[in-house]
Amino acid sequence: MKISYITESRARDACLAMLCASVFGREAGIAPLVEFAGVSRLLEQESARIVALFDDSKKLCSVALLTLEVEGRGVALRLLATPEKKRGRGHGRRLVTRLGESTAVRVTTSDPRLEAFFTTFGLERWYRHEDSDLRTGFNARSSVDSLAMAPEVVDFQADAVLRAFKRDPALFERYKTRFAEGLEHFNTLT
């Protein structure tokens with residue numbers, strides 16, 4: 001098994017489209033497309049990375065989207081998905097665990113089941129966000145001792161993406177086409 005960054009634009013779009021579709025689901029309305037468009041800009045600015053686990057036959061087994069901390073010392077696991085035909089074999093766990101061996105990693109969730117799941121990946125220190133159900137977990141490589149100490153993570157404003165889509169229907173169509181083509185192309189990677 002090998003971990004690699006996905007840098008080629010067509011493969012990157014394919015992985016990002018699969019991540020958005022898998023995490024948000026098919027009934028999520030426009031949310032997967034907004035995430036796809038916003039994260040695409042972060043990837044272009046090199047504020048985010050797509051990393052994948054490949055098997056010995058160079059077939060993709062699991063994919064993660066990482067966004068960088070503003071200070072550049074760690075990453076946030078924003079999205080994680082394993083292609084349907086590869087699920088249940090521990091590929092996602094292996095990918096996150098191996099990333100955590102060399103990098104400070106954090107993840108945020110409001111789902112107690114996901115918190116328990118990510119704790120098994122080494123994200124052991126959890127902190128609750130004030131006035132929210134959200135909790136953020138950090139791995140051992142992170143030097144954060146409280147949520148207040150955690151550097152900000154680079155992000156985009158979903159509302160701004162939606163406004164841009166409403167203002168510019170051609171922009172909306174371009175991202176919609178890239179998203180659909182990405183999903184089609186993803187099947188050639190697995």
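I take helices (H or I, at least four residues) and strands (E, at least two) as DSSP runs, numbered from the N terminus. The model I have open is a predicted one.

**Entry: largest pocket.** I looked up which elements supply the lining of the largest pocket. S4, helix H3 (91-100), S5 and H4 each give at least two residues to that lining. S4 has the largest share, with 6 residues. I noted a volume of about 920 Å³ for this pocket. Its lining counts 33 residues, and those closest to the centre are Leu77, Arg78, Leu79, Val107 and Phe118. Sorted by class, the lining of the largest pocket holds 14 nonpolar, 10 polar and 9 charged residues.

**Entry: second largest pocket.** I put the space in the second largest pocket at about 300 Å³. It is lined by 14 residues, of which Met18, Ser22, Arg26, Glu84 and Phe186 are the closest to its centre. H1 and helix H6 (169-186) each supply at least two residues of this lining, and H1 gives the most, with 3 residues. The classes in the lining of the second largest pocket are 5 nonpolar, 5 polar and 4 charged.

**Entry: sheet.** I traced an open sheet of 7 strands in the order S1-S2-S3-S4-S5-S7-S6, with mixed pairing. Strand S1 (2-5) and strand S6 (123-128) are the edge strands, each pairing on one side only. On average, neighbouring strands of the sheet are turned by 30° against each other, direction ignored.

Strand S5 (residues 104-109) and strand S7 (residues 135-139) run antiparallel and are joined by 4 bridges. I found Arg106 opposite Phe138 in S7. Helix H4 (residues 112-119) packs on the sheet and touches S4, S5, S6 and S7. The direction of H4 makes about 145° with that of S6.

**Entry: helices H1 and H2.** I saw helix H2 (residues 31-44) lying across strand S2 (48-54), strand S3 (60-68) and strand S4 (74-81), at about 100° to S2. The axes of helix H1 (residues 9-24) and H2 come within 9 Å and cross at roughly 140°. The crossing of H1 past H2 is right-handed. From H1, I listed Arg12, Asp13, Leu16, Ala17, Cys20 and Phe24 in the contact. From H2, the contact takes in Ala31, Pro32, Glu35, Phe36, Val39, Ser40, Leu43 and Glu44. I sorted the residues of the H1 contact with H2 into 9 nonpolar, 1 polar and 4 charged.

Terms used. Residues numbered from 1 in each chain as written. Predicted model: local features only at pLDDT ≥ 70, side-chain atom pairs only at ≥ 80, totals over all residues. Heavy atoms only, no water. Pairing = 2+ DSSP bridges. Axes fitted to C-alpha atoms, helices over the stretch in contact; angles between N-to-C directions. Contact = heavy atoms within 4.5 Å. Left-handed = near helix turned anticlockwise from the far one by under 90°. Nonpolar A, V, L, I, M, F, W, Y, C, P; charged D, E, K, R; others polar. 1 Å grid on protein atoms, 1.4 Å probe; cavity = no way out; pocket = protein on both sides within 12 Å on 5 of 7 lines; lining within 4 Å. Points joined across faces, edges and corners; volume = space filled by probe spheres on them.
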